[in-house]
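Here is a short briefing on helix packing and salt bridges. Please keep the model open while you read.

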Amino acid sequence: MTDERLPKDISAAPLSESQKTIIDADRGLFSMAWGDLWDFRELVFFMVWRDVSARYKQTVLGIAWAVIQPVLTMIVFIFIFGRIARIPTGGVPYSLMAFAAIVPWTYFSQAVSRSGLGMVKEANLISKVYFPRIILPLATTITPLIDFVLAFLFLTGMLVWYQVAPNLAVVFLPLFIVMAIVAAFGFSLWLAALNVRYRDVQYLIPFFVQIGMFASPVAYMTSLVPEQWRLFYELNPMVAVIEGFRWCLLGTPAPSFEMVGMGLLTIAIVLPSGFFYFKATERTFADII
């Protein structure tokens, strides 16, 4: 017996709003399904946790390496630049001056290095599963923050040991931390996308990081840079970040507005252009990776 209330062709029955799925075209290179990022937030947390666990798995000292590595770097700097070269520090103990710079620089270098290689490392995941590809450089930019926190706690202990109390400028420290994170993410977008297409980039990244450390005031103060080179030198956003850390924690001279402005200018160029290039090339990642 036929129910007269049903349409003869069931496929022609109208769909309710809850049954409709709208497939829409991408609206442009700068468009992004920000809701997808929120929907996949657990994937970001999983990737961060996985990377941290894998890095320190089956190590004797475990996560203590997050502190040991920057401390060993500081010891080398003390011997070479503090004892032999006798770099002036403006009355601040050289170990404090160096470690206050090593902490943010180590975060930046790790974030850039891992993000640049992260896309190729996740080739199987990219070619088989859909998720916003920008999650990969985002997760690898977040992961080194765990090491950063542990190294910063050690730096706090050094301040107590040397009886150095930060002044009111310490309230600006979060701004310089955010500046370092955004700078790292901007460079990571470029390097991650470029390394998918040009595998030579993976060999250039360690060189880029190594040169960047000496092009940043990690082992010395910015005041040692000749005046005629200062404007070009300050285009490196980590110059303002490092000098900002020293100002906030050690009471050294504050970074000038010009220094901070030049660093922000670089970020304002690198971050949007990196996002533009990443969006323009992400559709081909699964094909060529």
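Glu-227 forms a salt bridge with Arg-230, with the closest N and O atoms 3.6 Å apart. A salt bridge here is a side-chain nitrogen of Lys or Arg within 4 Å of a carboxyl oxygen of Asp or Glu. This is a predicted model: local features need pLDDT of at least 70, side-chain atom pairs count only at pLDDT 80 or more, and totals for chains, interfaces and linings use all residues. Residues are numbered from 1 along each chain as its sequence is written, and side-chain values use heavy atoms, leaving out hydrogens and water.

**Salt bridges**

- By this rule, the count is four salt bridges.
- Glu-227 and Arg-230 both sit in helix H10 (residues 227-233), three residues apart, about one turn of the helix. Helices are DSSP runs (H or I, at least four residues), numbered from the N terminus.
- Glu-227 is exposed, at 59% relative accessibility. Arg-230 is buried, at 16%. The cut-offs for relative accessible area are under 20% for buried and over 50% for exposed, with partly exposed in between (1.4 Å probe, protein chains only).
- Arg-246 pairs with Glu-243 in another salt bridge, at 3.5 Å between the closest N and O atoms. Both residues are buried. They lie three residues apart in helix H11 (residues 237-250), about one helical turn.
- Arg-114 and Asp-147 meet in a salt bridge at 4.0 Å, N to O. Arg-114 is in helix H4 (residues 94-121) and Asp-147 in helix H7, so the pair ties together parts 33 residues apart in sequence.
- Arg-114 is partly exposed, with a relative accessible area of 24%. Asp-147 is buried, at 7% relative accessibility.

**Packing of H8 and H9**

- Helix H8 (residues 173-197) and helix H9 (residues 201-214) pack at about 150°, with their axes 9 Å apart. Axes are lines fitted to C-alpha atoms, for helices over the stretch in contact, and angles run from 0 to 180 degrees between N-to-C directions.
- H8 and H9 are therefore roughly antiparallel, a label for angles over 145 degrees; under 35 is roughly parallel, 65 to 115 roughly perpendicular and the rest oblique.
- Phe-187, Leu-191, Leu-194 and Asn-195 of H8 make the contact with Val-201, Gln-202, Ile-205 and Phe-208 of H9. Contact means heavy atoms within 4.5 Å.

**Helix H6**

- Helix H6 (residues 135-142) is mostly covered, with six of its eight residues buried.
- Helix H2 (residues 41-56) and H6 have axes that come within 9 Å and cross at roughly 50°. The two are therefore oblique to each other.
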